[in-house]
Amino acid sequence: MPFYAMDHLSHRQMTMTCAVASIADAGLMALAYGLAARVGSPGVSNPMPLLIYVGAGLTATALVEQVVVSASWGWRYSEAMPVIPGTTIGIVPLLMWIMVPLVTLWLARRMTRRAA
């Protein structure tokens, strides 16, 4: 949260903004996985599904960040948020998109192997 400036929002507005963003992120992750799964299982022998999974998520995240940060109703970055030079896109959301789905895939595979 130190990367976002939410001092202009009430506690309720902050909670709702974070909740909606989290639900949207989960939907985005499912959509990106669905696109990748059309090619094969992400991360197993063929790197293309994994590249599609991560690439689709990064692209969508960059577009969403560009729109929402520019909108009067959207969120704002604090001074701590590093941005891609020449854009208003924060680096932290992009890094999170890389880390969270990859860790999720790893955990899912690990759990699946144990169950088998």
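User: Where is the place of Pro82?

Analyst: This is a predicted model. In it, Pro82 sits in the loop between β2 (76-77) and α3.

User: Why is Pro82 called partly exposed?

Analyst: Look at its relative accessible area, which is 36%. Buried means under 20%, and exposed means over 50%. The value for Pro82 falls in between, so Pro82 is partly exposed.

User: What does Pro82 touch, leaving out residues up to four places away in sequence?

Analyst: Pro82 touches Phe3, Ile89, Gly90, Ile91 and Val92. Contact means heavy atoms within 4.5 Å.

User: How far apart are Pro82 and Met111 in space?

Analyst: Their C-alpha atoms are 35 Å apart. In sequence, Pro82 and Met111 are 29 residues apart.

User: What makes Leu58 partly exposed?

Analyst: Leu58 lies in helix α2. Its relative accessibility is 25%. Buried would need a value under 20%, and exposed a value over 50%.

User: Which residues does Leu58 touch, not counting residues up to four places away in sequence?

Analyst: Leu58 touches Leu94, Trp97 and Ile98. Ile98 has its place in helix α3 (residues 91-115).

User: Is Ile98 buried, partly exposed or exposed, and why?

Analyst: Ile98 has 33% relative accessibility.

User: What kind of patch does Ile98 form on the surface, and with which residues?

Analyst: The patch is nonpolar. Leu95, Met96, Ile98, Met99, Val100 and Leu102 form it. Together they have about 490 Å² of accessible area. A patch residue needs over 30% relative accessible area.

User: Why is Cys18 partly exposed?

Analyst: Cys18 lies in helix α1. Its relative accessible area is 27%. Under 20% would be buried, and over 50% would be exposed. The value is in between, so Cys18 is partly exposed.

User: What is Cys18 in contact with, leaving aside neighbours within four places in sequence?

Analyst: Cys18 is in contact with Met1 and Met6. Cys18 and Met1 are 17 residues apart along the chain. Their C-alpha atoms are separated by 9.8 Å.

User: How do you know how α1 and α2 pack?

Analyst: Two packed helices are described by the angle between their axes and the distance between the axes. Helix α1 (residues 11-37) and helix α2 (residues 47-70) pack at about 145°. Their axes are 8 Å apart. The crossing of α1 and α2 is right-handed. On the α1 side, the contact residues include Leu28, Met29 and Ala32. On the α2 side, they include Ile52, Tyr53 and Ala56.

User: What does the secondary structure of the protein come to?

Analyst: The protein has three helices and two strands. Along the sequence, the pattern is β-α-α-β-α.

User: And what about the protein as a whole: how much is buried?

Analyst: Of the 116 residues in the protein, 26% are buried. The accessible surface comes to about 7,700 Å². Carbon and sulfur atoms account for 71% of that surface. The C-alpha atoms fill a box of roughly 50 × 30 × 20 Å along the principal axes.

How values were computed. Residues numbered from 1 in each chain as written. Predicted model: local features only at pLDDT ≥ 70, side-chain atom pairs only at ≥ 80, totals over all residues. Heavy atoms only, no water. Patch = residues over 30% accessible without salt bridge, like charges linked within 9 Å, V, L, I, M, F, W, Y side chains within 5 Å. Areas by Shrake-Rupley, 256 points an atom, 1.4 Å probe, with all protein chains shown as cover. Salt bridge = Lys/Arg side-chain N within 4 Å of Asp/Glu carboxyl O. Helix = DSSP H or I, 4+ residues; strand = E, 2+ residues; numbered from the N terminus. Buried < 20%, exposed > 50% of the residue type's maximum accessible area, 1.4 Å probe, protein only. Axes fitted to C-alpha atoms, helices over the stretch in contact; angles between N-to-C directions. Left-handed = near helix turned anticlockwise from the far one by under 90°.
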